[in-house]
Amino acid sequence: CKAGDFMALSLAEEKQTARLNEEFRDAQSPVLQAITNQVCGCCYIGNSWTTRSEADVMIEYLRLTASHDLLDIGAGAGWPGLYLALQTGCAVTLLDLPEIGLRLAEARAEADGMASQLSTVQGDAADMPFPSESFSAISHSDVLCCLEDKLTVLRECRRVINADGRMCFTVIRLADGLIGTSMDRAVQAGPEFIRSEAHYPWMLQSAGWQIIQQDDITGAFLASTERMIAAEKKQSGSLRTLRGGEANETAQVNWRSRLQAVADRLILREFFSVVPA
């Protein structure tokens with residue numbers, strides 16, 4: 001795992017990175033791996049909502065082959081980046097800040113016999129340690145909604161992709177026109193940095209991207225949230241042991257709050273496929 005030079009993180013970003021490192025430690029437990037598999041069908045340690053079918057759609061839109069160099073941003077422990085590389089034979093670089101997730105990804109690649117396809121870099125998506133036009137494909141799964149400077153990240157993605165490359169990503173966002181209590185509910189139920197300085201289509205255009213496909217996949221997100229609640233209920237005894245009773249109850253309350261916000265379409269999830277403009 002290479003550590004790139006990157007700009008100083010904000011206090012909120014430092015806390016987020018520390019929290020994610022703790023989550024990756026816990027995610028190695030058999031109970032959480034079983035829950036992730038039930039929710040996403042991925043058989044990987046995961047921290048995005050990407051399902052196996054959504055990962056297969058990414059392969060299709062990215063047109064991945066063994067000749068591609070894929071960059072997976074906010075890669076966590078390797079889902080879905082490792083899967084995309086395993087299915088297509090492409091080289092993959094995983095970029096993220098929490099080191100523990102990247103170490104888990106390296107171990108998984110070794111176990112799957114694909115270590116030669118993998119590079120891992122500890123770095124900031126808003127200040128990527130790569131030369132311009134380094135990659136032929138980029139993916140990220142529910143990452144922009146967890147980052148503060150979304151536009152800068154999209155501009156960095158545009159810088160490091162080659163002229164005929166492609167990028168696919170999913171993102172969770174606030175519904176348009178929210179005010180008052182609805183806005184409060186949505187922000188509380190969404191990812192840490194769900195607020196956005198502008199709409200994603202505008203940011204993509206400003207960053208030098210052309211949208212090929214934009215799909216509302218909130219229905220699938222709702223179904224995944226329902227599966228998460230059901231899976232955690234089934235494993236409630238083990239989760240209380242792992243998390244502690246109070247923390248586990250708080251987690252259940254938070255899941256139900258998110259489920260209602262998604263059902264009320266206060267927060268949405270979208271899929272984008274884009275190419276350099």
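User: How far is the sulfur of Cys42 from the closest cysteine sulfur, and in which residue does that closest sulfur lie?
Analyst: A disulfide is a pair of cysteine sulfur atoms within 2.5 Å, and the closest sulfur to that of Cys42 is too far for a bond. This is a predicted model in which residues are numbered from 1 along each chain as its sequence is written, local features need pLDDT of at least 70, side-chain atom pairs count only at pLDDT 80 or more, and totals for chains, interfaces and linings use all residues. Side-chain values use heavy atoms, with hydrogens and water left out. The distance is 5.1 Å, and the partner residue is Cys40.

User: How many disulfides does a search of the whole structure find?
Analyst: Another cysteine to consider is Cys90, whose sulfur is 13 Å from the closest cysteine sulfur, in Cys168, and therefore too far for a bond. For the whole structure, the number of disulfides found is zero.

User: Is Cys90 buried or exposed?
Analyst: Buried means under 20% relative accessible area, exposed means over 50%, and partly exposed lies in between, using a 1.4 Å probe and protein chains only. Because its relative accessibility is 0%, Cys90 counts as buried.

User: Which elements give two or more residues to the lining of the largest cavity?
Analyst: On a 1 Å grid over the protein atoms alone, a cavity is a set of points where a 1.4 Å probe fits but cannot get out, and lining residues have an atom within 4 Å of a point. The largest cavity is lined by eleven residues that divide into five nonpolar, five polar and one charged, and among them are Asp72, Ile73, His140 and Ser141. The elements asked for are strand 2 (69–73) and strand 5 (135–141).

User: What percentage of the 277 residues of the protein chain count as buried?
Analyst: The protein chain has eleven helices and eight strands, and its C-alpha trace spans about 50 × 45 × 35 Å along the principal axes. Of its 277 residues, the buried share is 52%.

Notes:
On a 1 Å grid over the protein atoms alone, a cavity is a set of points where a 1.4 Å probe fits but cannot get out, and a pocket is an open set with protein on both sides within 12 Å along at least five of seven lines; lining residues have an atom within 4 Å of a point. Helices (H or I, at least four residues) and strands (E, at least two) are DSSP runs, numbered from the N terminus. Ala, Val, Leu, Ile, Met, Phe, Trp, Tyr, Cys and Pro count as nonpolar, Asp, Glu, Lys and Arg as charged, and the others, Gly among them, as polar.
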